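Subject: Structure for you to look at

Hello,

Please find the structure below. My notes on what was found in it follow.

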Amino acid sequence: MKPLLELARDWRVLLLVVVAFGLAPGVVLRLLVRAYPRDHPRREELLGELYAMDFVKRPLWVAQQIETAVFEGLPARRQFGAAQPLEEIGVPRLIGRWGGDASSVQLASILSDIGRGLPGVRLRGAKMLRTLVFEAVHATHGAILVVSPGKSESATQCDIPLDKSSPHSERSLFELDGAVLVDTNGSCYAAGVRLELSPTRTELCMQGGARQMAAWSYLAAAQQVTVVVVVSADSVVSVLSNANKA
Amino acid sequence: MRLTYSLLQVALALSRDVVGNHWGYELSKASGVRSGVLYPILERMLKDDWLTDGWEDPPADSRRPKRRYYRLTDKGRDQIGALTQQAAVDARFASIFWFAQ
């Protein structure tokens, strides 16, 4: 008993207790609710419940929410990432344009633009995407890289469908004439895809080369939130997105 | 909706006040069902139109976030009545009714 009393006199122990039982439940719960997609009502609901209950019950209740976050929040997030609702899709727009040398700073900026162009979607394959963007930027005659959360319908038109066992290296993907299609895990599922130019949609971009026109046209017709990275023959990189909140 | 022990406990907790608002934490306490199981059940009930939901008007003197409430619909009241009757003759759920007496 005596050591316990001595501990209580120590200000650091007292501070730890105050943080753990006073501040931590709210902080921990705020971290846990991040398992849910951004607009999920459970995020606010759990916080509302926390501050309405007795102070002493909060730590235990927050601990119980780990299960809620893991078994309800994470599946909801996965589902959200797999299928973006249509209302998230907007008019295609330019997110960023980069030129000159393909330094690591520029690569990071392009990846950041890709992330901005896919709001609410987690880029699980960021490392692979970085490699693909690097190869696209270094492609001799320019390139088109299409990134979307799920497999695009255009994959049915692809000239060379790929799977994980394909012997094609990342560099060889961009040697093919056509776009490279990847998902947000960084998995390439098609290369050499001809992006069809829709005559009714070319008014979206009256300037720019054939790649730019094809990218704008593709984005306008896409059924999910998509980012297209266009690399011109003179190494100018344009990042385009059709996301509403980009 | 498949009749389970947890679903029945939540249904019984809801049926204690068929016209009022229910809160997640209060339901968890009343039913004895932990949050990780309760919230998916409430979500299914919302989807099947057994419940409606909304956000409370917080008291003027309080700065806490709004709570979400759940309220039984007419369909929900009927379904919960049917569910309780079905469970009452099912031996698996005898203990719930025995403790409730």
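Please keep in mind that the model is predicted. With a relative accessibility of 0%, A:Glu45 counts as buried, because buried means under 20% relative accessible area. Leaving out residues up to four places away in sequence, A:Glu45 touches B:Tyr39, B:Trp55, B:Arg68 and B:Tyr70. With B:Arg68, A:Glu45 forms a salt bridge in which the closest N and O atoms are 2.9 Å apart. With B:Tyr70 there is a polar contact between side chains, at 2.5 Å.

The interface

In total, 18 residues of chain B are in contact with 18 residues of chain A. The area buried between chain B and chain A is about 1,600 Å², and carbon and sulfur atoms give 56% of that area. Of the area that chain B buries against chain A, 37% is supplied by B:Tyr25, B:Tyr39 and B:Arg68, more than by any other three residues.

Three salt bridges are counted between chain B and chain A. Nine residue pairs are in polar contact across the interface, both residues being at pLDDT 80 or more. Which elements of chain B supply at least two residues each to the side that touches chain A? They are helix 2 (24-31), helix 3 (35-47) and strand 3 (68-72) of chain B. Helix 3 of chain B gives the largest share of that side, six residues.

Salt bridges

Over all chains, the count of salt bridges comes to twelve. The side chains of A:Glu72 and A:Arg42 meet in one of these, at 2.7 Å from N to O. This pair links distant parts of the chain, since A:Glu72 is in helix 4 of chain A and A:Arg42 is in helix 3 of chain A, 30 residues apart. Both A:Glu72 and A:Arg42 are buried.

A:Arg42 also meets B:Glu43 in a salt bridge, at 2.6 Å from N to O. That pair crosses between chains, from helix 3 of chain B, where B:Glu43 is, to helix 3 of chain A, where A:Arg42 is. Are the two partners buried or exposed? A:Arg42 is buried, at 0% relative accessibility, whereas B:Glu43 is partly exposed, at 24%. A network of salt bridges links A:Arg42, A:Glu45, A:Glu72, B:Glu43, B:Asp53 and B:Arg68.

Another salt bridge joins the side chains of A:Arg116 and A:Asp113, at 3.2 Å from N to O. Both residues lie in helix 5 of chain A (residues 104-117), three residues apart, which is about one turn of the helix. A:Arg116 is partly exposed at 42% relative accessibility, while A:Asp113 is buried with a relative accessible area of 4%.

Chain A as a whole

Chain A has eight helices and seven strands. Of its 246 residues, 46% count as buried. The accessible surface of chain A is about 13,200 Å², with 59% belonging to carbon and sulfur atoms. Among contacts in chain A between residues at least 6 apart in sequence, 65% join residues at least 24 apart.

A:Leu240 is a buried residue, at 0% relative accessibility, and is placed in strand 7 of chain A (residues 237-243). Beyond four places in sequence, the residues in contact with A:Leu240 include A:Arg93, A:Leu94, A:Ile95, A:Trp216 and A:Val230. A:Val230 is ten residues away along the chain, and the C-alpha atoms of A:Leu240 and A:Val230 are separated by 7.9 Å.

On the surface of chain A, a nonpolar patch is formed by A:Ile66, A:Val70, A:Phe71 and A:Leu74, with about 380 Å² of accessible area together. A:Val70 is in helix 4 of chain A, residues 58-82, and is partly exposed, with a relative accessible area of 37%.

Backbone angles

A:Ser235 has phi near 65°. A:Ser235 is in the loop between strand 6 (227-231) and strand 7 of chain A, and is partly exposed, at 26% relative accessible area. B:Asp49 has a positive phi of about 65°. B:Asp49 is in the loop between helix 3 and strand 2 (51-55) of chain B, and is partly exposed, at 47% relative accessibility.

Regards

How values were computed
Residues numbered from 1 in each chain as written. Chains lettered and ligands numbered in written order. Predicted model: local features only at pLDDT ≥ 70, side-chain atom pairs only at ≥ 80, totals over all residues. Heavy atoms only, no water. Patch = residues over 30% accessible without salt bridge, like charges linked within 9 Å, V, L, I, M, F, W, Y side chains within 5 Å. Areas by Shrake-Rupley, 256 points an atom, 1.4 Å probe, with all protein chains shown as cover. Salt bridge = Lys/Arg side-chain N within 4 Å of Asp/Glu carboxyl O. Helix = DSSP H or I, 4+ residues; strand = E, 2+ residues; numbered from the N terminus. Buried < 20%, exposed > 50% of the residue type's maximum accessible area, 1.4 Å probe, protein only. Contact = heavy atoms within 4.5 Å. Buried area = accessible area lost by both parts, 1.4 Å probe. Polar contact = N/O pair within 3.5 Å; in protein donor to acceptor, adjacent residues only side chain to side chain.
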